[in-house]
Amino acid sequence: MRYHVTNSAKSTPNQSAFSTLSSSLALGDDEPDRNLALELVRVTEAAAIAGGAWVGLGDKNSADGAAVDAMRSLLSTVRFNGIVVIGEGEKDEAPMLFNGEHVGDGNGAECDVAVDPIDGTRLTALGINNAIAVLAVAERGTMFDPSAVFYMEKLVTGPEAADMVDLRLPVKQNLHLIAKAKGKKINQINVMVLDRDRHKPLVEEIRNAGARTKFIMDGDVAGAIAAAREGTDVDALMGIGGTPEGIISACAIKALGGVIQGRLWPTSDEEKQKALDAGHDLDRVLSTNDLVSSDNCYFAATGITDGDLVKGVRYRGNQVLTQSIVMRSKSGTIRVVDGEHQAHKWETYGKQI
């Protein structure tokens with residue numbers, strides 16, 4: 001395979017963009033090493049290529065199964081001692097990449113691992129934008145436990161307004177704060193929202209404030225990152241989405257410098273009681289640091305279909321082209337990685353390409 005890497009980190013004249021990828025181990029075995037970044041890209045590339053073979057074929061289960069198998073296979077080669085804390089479900093429901101599964105080669109740093117082999121299985125099946133393969137890693141014990149409540153109310157925006165917004169404020173006030181911080185008129189603000197019936201009141205509030213909505217069918221990890229990253233024409237993400245996706249997004253936002261705020265949103269009395277029994281304050285607004293407390297975490301994503309974050313899997317003769325984004329919070333480094341892969345060497349990871 002061949003890579004082209006775009007590096008957005010600031011470097012000194014004597015430190016090239018590639019020095020971080022090629023340098024020897026510098027941090028020892030007690031914490032994730034900077035060389036882990038490119039290893040994680042290899043994993044999300046494999047999942048995206050496997051899942052990408054099913055784009056537009058209407059079979060989301062086969063797409064997801066292929067991506068899970070590929071991600072698990074490549075994870076076993078990564079030098080770290082990982083435990084899946086956000087996976088495909090409990091062991092009995094998900095025989096691979098289940099919550100509590102040990103991944104990696106067992107050496108090196110102990111890590112929490114959050115996986116989503118396809119964030120947007122329906123998007124993949126229908127050939128709709130914003131399906132990605134996602135992987136996040138942080139130091140052991142630093143990711144929020146999402147098991148009590150599956151959904152949370154979220155607010156995401158970029159670094160300009162990170163210290164100004166508050167999920168407890170009215171929607172209109174937050175949007176005007178974002179507009180002020182970004183130097184925009186309110187009617188230039190784009191808010192990404194999952195297309196769900198539960199969001200009808202929210203959409204009305206956004207539009208009454210004078211801002212614009214941008215709907216997504218699924219995939220609020222990509223949406224959250226687009227809201228925090230410059231150059232996407234997305235200024236904020238609002239609404240109720242998955243708690244696991246919020247934690248995964250927080251790993252990326254740690255590197256981007258924006259903010260994610262969340263408030264647990266139980267869907268039943270039973271789930272509410274479960275959260276209270278687990279000691280959660282349902283009125284508490286969780287910050288980025290609450291969702292991921294480590295300052296040394298990684299996020300990697302590879303496009304399956306085209307989207308706001310990265311391009312999807314493409315084919316050129318016997319080549320498969322991928323585009324990925326990888327981030328490390330400790331250095332604030334964000335890299336966009338364009339990969340060229342020989343198709344026949346990836347056939348073991350799912351449907352024949």
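1. Cavities. The structure, which is a predicted model, holds two cavities of 30 Å³ or more, a cavity being, on a 1 Å grid over the protein atoms alone, a set of points where a 1.4 Å probe fits but cannot get out. The second largest cavity has a volume of about 40 Å³, where a volume is the space filled by probe spheres set on the points, with grid points joined across faces, edges and corners. Lys-154, Met-192, Val-193, Leu-194, His-199, Asp-220, Leu-237, Met-238, Gly-239, Ile-240 and Gly-241 line the second largest cavity, lining residues being those with an atom within 4 Å of a point. Strands S7 (190-194) and S9 are the elements that give two or more residues to this lining, and S9 gives the most, with five residues. By class, the lining of the second largest cavity has six nonpolar, three polar and two charged residues; Ala, Val, Leu, Ile, Met, Phe, Trp, Tyr, Cys and Pro count as nonpolar, Asp, Glu, Lys and Arg as charged, and the others, Gly among them, as polar.

2. Basis of the model. Local features need pLDDT of at least 70 and side-chain atom pairs count only at pLDDT 80 or more, whereas totals for chains, interfaces and linings use all residues of this predicted model. Residues are numbered from 1 along each chain as its sequence is written, and side-chain values use heavy atoms, with hydrogens and water left out.

3. Confidence. The protein chain has a mean pLDDT of 89, and 87% of its residues reach 70 or more, pLDDT being the predictor's confidence in each residue, from 0 to 100. Over residues 8-28 the pLDDT is below 50, and this stretch has 30 contacts in the model beyond near neighbours in sequence, a contact meaning heavy atoms within 4.5 Å.

4. Largest pocket. The largest pocket holds about 1,000 Å³ of space, a pocket being an open set of points with protein on both sides within 12 Å along at least five of seven lines. It is lined by 43 residues, of which Gly-87, Asp-116, Phe-150, Pro-244 and Glu-245 are the closest to its centre. Among the elements that each supply at least two residues of this lining are strand S9 (236-242) and helix H8 (243-256), helices (H or I, at least four residues) and strands (E, at least two) being DSSP runs numbered from the N terminus. The lining of the largest pocket divides into 17 nonpolar, 10 polar and 16 charged residues.

5. Gly-242 lies in strand S9 and counts as buried because its relative accessibility is 7%, buried meaning under 20% relative accessible area, exposed over 50% and partly exposed in between (1.4 Å probe, protein chains only). Leaving aside neighbours within four places in sequence, Gly-242 is in contact with Phe-150, Tyr-151, Met-152, Lys-154 and Asp-220. Asp-220 is one of the buried residues of H7, a helix (residues 220-228) in which nine of nine residues are buried.

6. Gly-127. This residue lies in the loop between H4 and strand S5 (132-139) and is partly exposed, at 40% relative accessibility. Gly-127 touches Val-55, Gly-56 and Thr-305, not counting residues up to four places away in sequence; the C-alpha atoms of Gly-127 and Val-55, 72 residues apart along the chain, are separated by 5.3 Å.

7. Arg-328. Arg-328, in strand S13 (residues 319-328), is buried, with a relative accessible area of 10%. The side chains of Arg-328 and Asn-296 are joined by a polar contact of 3.3 Å, a polar contact being a pair of N or O atoms within 3.5 Å; within protein, one must be able to donate a hydrogen and the other to accept it, and residues adjacent in sequence count only if both atoms are side-chain atoms.
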